[in-house]
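Me: I would like to go through this model feature by feature. Please give the general idea each time, then the case at hand.

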Amino acid sequence: MPFPPARKAIVDAIEVGKAARPVMARAAQRIGDLVLSADFKQRRRAIVALMTAGVYAICIVILFYGGERGIFDPGWTGVLALACGSVVTAFYAAIRSGFNLRFSAPSLALPQAICAQTLVAAAYMIAGPAHPSMLALAAMVIVFGMFEMRTRYVWLLMRYTLVLMGAVMVWCALHDPLTYPPEVEVIHYAILATVLPAISSLSAQLRAMRERLQKQKAELETALEKIRRVATLDELTGLPNRRHMRELLAEHIARFDRGGPAFAVALADLDHFKSINDRFGHAVGDDVLTGFADRARAHLRTTDIVGRWGGEEFVIILAGSPPADLDSGMERMRRSLRDTPVCADVPEIRLTFSAGVTPYREGESIDDVIERADKALYDAKHAGRDRSVSR
Ligand SMILES: Nc1nc2c(ncn2[C@@H]2O[C@H](COP(=O)(O)OP(=O)(O)OP(=O)(O)O)[C@@H](O)[C@H]2O)c(=O)[nH]1
């Protein structure tokens, strides 16, 4: 039944909307890259610069309001607005052009904060009776800075602020004692000299906490990597262990069930390995196992995966299925073991191995295919060893 026109229009609009979404997302991404930079760190710096611009803009609007109301001279507000605009533009341009990357602290946090405090001091001078409110801005600049700056820079900024604000307060108290009464300025300065060091010391603690967290995160990542290695790799040979090979087999089966490529499984077992252990000792036996793993890595196809199934038994996932030439990698290994001793320290050891190969068949479990490969391996052992048998 055809859609009524109104419903069809809605359905069309939804379809158009769905189609447009990726286009809009791409456009937003492109605009974001253009305005803020495609580089993650530079983008963050540009965002901070634009956030600062936003704060400047709000403060300037408030100052213009004061000027309009005749609380102080509106002419100076214009000059201050111009100065704020220039500072913001200069820092944004430095970040967007990549000029900031020439410096050891590319966030330019310290110079930005010093400019901000200078502008706050200027605002303090022109704000007349509204000047105490500027003290909050001076504290805010330090708070902003503590997220971006090293502790010693925060202390430097704090000292600069105290010296600058002290000088401004003295100047104002001398030139306009009615609006800036000296005894009140002393109180303002005392408050500033108490609050700013407190914020700065908080910043030092915050920094130390952040560094501790970063160190812990790095240690955790290293430990996680170690756990991952221990959980998936065999300690002696460095090959995938039995558990990981089962996971890889499960992945191959899932891929096959979804119409993916065929594969076969081989179980390879070293021949008379017990006698190597008995004659030369366990350490040499370990070297032989490692040597065998190295040969497997070197001679199997890159698409084949070999893992240690346990003891002197190895499992190989072979890409493709019989009657394809699945054995070629194992034949190369056999030739190599025949030509060069597996253990350089004990060259008299001539290692051979037997293998059972079988294709994975649709609907089988891991255990089904392994069991058939094991039977083929049994056949190979009973047929005289040093050979592969397919089932
Ligand atoms: N050195 C060493 N030996 C191991 C390790 N794991 C298992 N073995 C030894 O491998 C030997 C396996 O012996 P058997 O199962 O009798 O097999 P085989 O001597 O290879 O005889 P066939 O398989 O019939 O040719 C045992 O002596 C185990 O102790 C290991 O990690 N290191």
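Me: Which residue is the bridge partner of G356 in β5?

Reply: The bridge partner of G356 in β5 is V389. Strands of a sheet pair through backbone hydrogen bonds, either parallel or antiparallel. Two strands count as paired if DSSP finds at least two bridges between them. Here β4 (residues 353-359) and β5 run parallel and are joined by three bridges. Helices (H or I, at least four residues) and strands (E, at least two) are DSSP runs, numbered from the N terminus. This is a predicted model, in which local features need pLDDT of at least 70, side-chain atom pairs count only at pLDDT 80 or more, and totals for chains, interfaces and linings use all residues. Residues are numbered from 1 along each chain as its sequence is written.

Me: What is the order of the strands in the open sheet?

Reply: The five strands are ordered β2-β3-β1-β4-β5, with mixed pairing. Because β2 (305-310) and β5 stand at the edges with a single partner strand each, one side of each has no neighbour in the sheet. From one strand to the next the twist averages 20°. Axes are lines fitted to C-alpha atoms, for helices over the stretch in contact, and angles run from 0 to 180 degrees between N-to-C directions. On that basis helix α8 (residues 242-257) runs at about 130° to β2, lying across β1, β2 and β3 (313-319). The protein chain has twelve helices and five strands.

Me: Which residues come nearest to the ligand?

Reply: A residue is near a molecule if its C-beta atom, placed from the backbone, lies within 6 Å of it. There are 16 residues around the ligand, and D271, F273, K274, G285 and G311 come nearest. The elements giving two or more residues to this shell are β1 (263-270), α9 (273-280) and α10 (282-299). The largest share, four residues, comes from α10.

Me: How many residues of the shell are charged?

Reply: Seven are charged, five polar and four nonpolar. Ala, Val, Leu, Ile, Met, Phe, Trp, Tyr, Cys and Pro count as nonpolar, Asp, Glu, Lys and Arg as charged, and the others, Gly among them, as polar.

Me: Is L108 buried or exposed?

Reply: A residue is buried if 20 or more other C-beta atoms lie within 10 Å of its own, exposed if 12 or fewer, and partly exposed in between. L108 is buried, with 20 other C-beta atoms within 10 Å. L108 is not a glycine, yet its phi is positive, about 55°. L108 sits in the loop between α3 (74-96) and α4 (109-126). H272 also has a positive phi, near 50°, in a residue other than glycine. The loop between β1 and α9 holds H272, which is partly exposed with 13 C-beta neighbours inside 10 Å.

Me: With which residues is D386 in contact, leaving aside its neighbours within four places in sequence?

Reply: Two residues are in contact if their C-beta atoms, placed from the backbone, lie within 7 Å. D386 is in contact with D271, T352 and S354, those neighbours left aside. D386 lies in the loop between α12 (366-382) and β5 (388-390).

Me: Where does the UniProt annotation place a transmembrane region?

Reply: UniProt positions are given in the numbering used here, feature names are shortened, and annotations may be inferred rather than shown by experiment. The unreviewed UniProt entry annotates "transmembrane region" at several spans, including 77-95 and 156-174. Residues 77-95 are 100% helix and 0% strand, with end C-alpha atoms 27 Å apart.
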